[in-house]
Amino acid sequence: MSLQPNAWSHLLAVRTPLPRWLHVGLACLGFAGCVGLYLWAGARPDNNPTFIPPIERIATAAQTILSGPDFWSDVRASFGRVTAGLLLAVLFAVPFGLWIGAFRPIEALTQPVVEFLRYVPVPALIPIVMIFFGIGEGAKIALIFLGTFFQLALMVAEEVRRVPNDLVHAAQTLGASRGEILSLVLFRGALPGILDAVRLCNGWAWSYVVVAEMIAATEGLGFRVLRFYRFIQTPNIFVYLLVLGLIGLALDQLFRACNARLFRWADATRR
Amino acid sequence: MLSLHQLEKTFPARAAAVHAFGPVSLDVAEGEFISLLGPSGCGKSTALYIIAGLEHASRGEVRIDGQAVTGPGPERGMVFQNYTLFPWLTVRENTRFSLQLARNADYTASPAAILSRHARADHLIELLGLEAFAHHHPRALSGGMKQRVAIARALVNRPRLLLMDEPFGALDAQTREELQDLMILLHRYERTTTLFVTHDIEEALFVSSRVVVFSKRPGRIIADIPVPFSSADRTPALKLEPAFIELKRELAGLLRHERADDARRQELLHRLVAHPTPRPPASLSL
Ligand SMILES: Nc1ncnc2c1ncn2[C@@H]1O[C@H](COP(=O)(O)OP(=O)(O)OP(=O)(O)O)[C@@H](O)[C@H]1O
Ligand SMILES: [Mg+2]
């Protein structure tokens, strides 16, 4: 496990694998660096503790928040919205992307439109979503759906296109019908990539839910952050930001772990 | 059994159309093992893809048992030049792929008959020496193993015709010989009519009962030579027999004729010989 002294310079050679312990160590060092930077900025004589509160105050704020009634209902509300919007998007975008990737006429008909729609910034859709869906749960779910559906459909289509044509040919010479090629070859072959695309969309969905909640909501992580701002409760804001980051990190790792576990066969071709 | 009638393929292109091969006419009888030999780029793969139904012919037609071919189908199995195993399926699942397809399902078959088809897949795995790898995914296999699985997968459904496009082209010499022996063995047992594309003369003579030689592009048949050896004769020693070597010489002569040597290249070669590049001084080569 130990490295030769001259191996240190070798570590910076392109694409050299890193020992596990060093990987974890460096990751921790990155976080420690952030904390250090925060402490340093907080200790500067020109710092106003309202801007950069001392860490103890964040810790006490965290204690009060975690034992209070609002926190868990906020998490539950945001989590529910993201899950509902994302599931809906997956449900429709995966078959749609499969068709775009598999059939040229569908690609020609829909891809340019979808490309256009995905570049409409999601926050700009909020007014129109509110006009259509009001300010209830439906509006937030609709916003997440709109924000992820088009992106996901195009990413799925790209993954489907990346399944080698030779595999399609092989399946055809074995007697596969069009439907079987779609389900047994294109979908199966694209599945690891699709899961990865859903992971990315999940990250974006969390941004959208926070934006939506800041505009119209009575609970949720985004709503609460804005409320803390009204009362200039900086420590509380930092607690919620940490929570948002941790949720994102945890879900991302979960998706990666699923992908690695479920699609071990893809290891050699991906990553 | 298989007949090609005035088959021809031209790839349309904006600049200049590529005439890949043809016109080619060929009749293949039941149980024959035919090698298609020809220089690189003469249209062998294209011809095979057309017979498989994966590509359209520009002119002419392909008939199997009198039926015109219009698209791909399970009665024409194919082993490709590249590795085409489904990476998400294990070796065993790959060989059984065709059994799960609706088109190959026989709804009148008894449960015993269905089971026997699965048993056949396992039998082929065994015959091809793959039992130890049955539960591995393709990424854990060597190139030779992958092609064995591809052969088993193509044979499971008992195709009328087996098409092989330089299946051993990417393998090292020893693995290649192993698989050639295997093909001879398989053909003895299965008697599947086979069209085997290769550009290796020895391989063509060793495995097949008839060698069809293509000219350089656009490929046309310039020779159609029966190989007189029985399958019992086909041992490694055969390659040293005078009769074998004589046939090899004949085919090599035909192919040499088809080489794309042009005058410009000849001139360059002569110049190289006349003015050899000076070697670097010995002190530099440390
Ligand atoms: N899709 C295509 N579009 C245009 N030209 C093509 C296409 N496919 C093949 N060709 C051309 O047709 C000719 C025959 O190609 P083919 O792949 O059949 O040759 P081959 O005999 O199999 O060669 P090799 O031994 O190198 O595999 C080549 O000149 C190739 O450039
Ligand atoms: Mg070829």
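The sulfur of Cys34(A) lies 12 Å from the closest cysteine sulfur, that of Cys28(A), which is too far for a bond, and the count over all chains is zero disulfides, a disulfide being a pair of cysteine sulfur atoms within 2.5 Å. This is a predicted model, in which local features need pLDDT of at least 70 and side-chain atom pairs count only at pLDDT 80 or more, while totals for chains, interfaces and linings use all residues. Residues are numbered from 1 along each chain as its sequence is written, chains are lettered from A in the order in which they are written, and side-chain values use heavy atoms, with hydrogens and water left out.

**Cysteine exposure**
- Cys34(A) is exposed, with a relative accessible area of 53%, whereas Cys42(B) is buried at 0% (buried means under 20% relative accessible area, exposed over 50%, partly exposed in between, with a 1.4 Å probe and protein chains only).

**Contact between chains A and B**
- Chain A brings 19 residues to the contact and chain B brings 28 residues, where contact means heavy atoms within 4.5 Å.
- The two chains bury about 2,000 Å² between them, 69% of it on carbon and sulfur atoms, buried area being the accessible area (1.4 Å probe) that two parts lose on being put together, summed over both.
- Of the area that chain A buries against chain B, 35% is supplied by Thr173(A), Leu174(A) and Trp265(A), more than by any other three residues.

**Charged pairs**
- Between chain A and chain B there are zero salt bridges, each defined as a side-chain nitrogen of Lys or Arg within 4 Å of a carboxyl oxygen of Asp or Glu.
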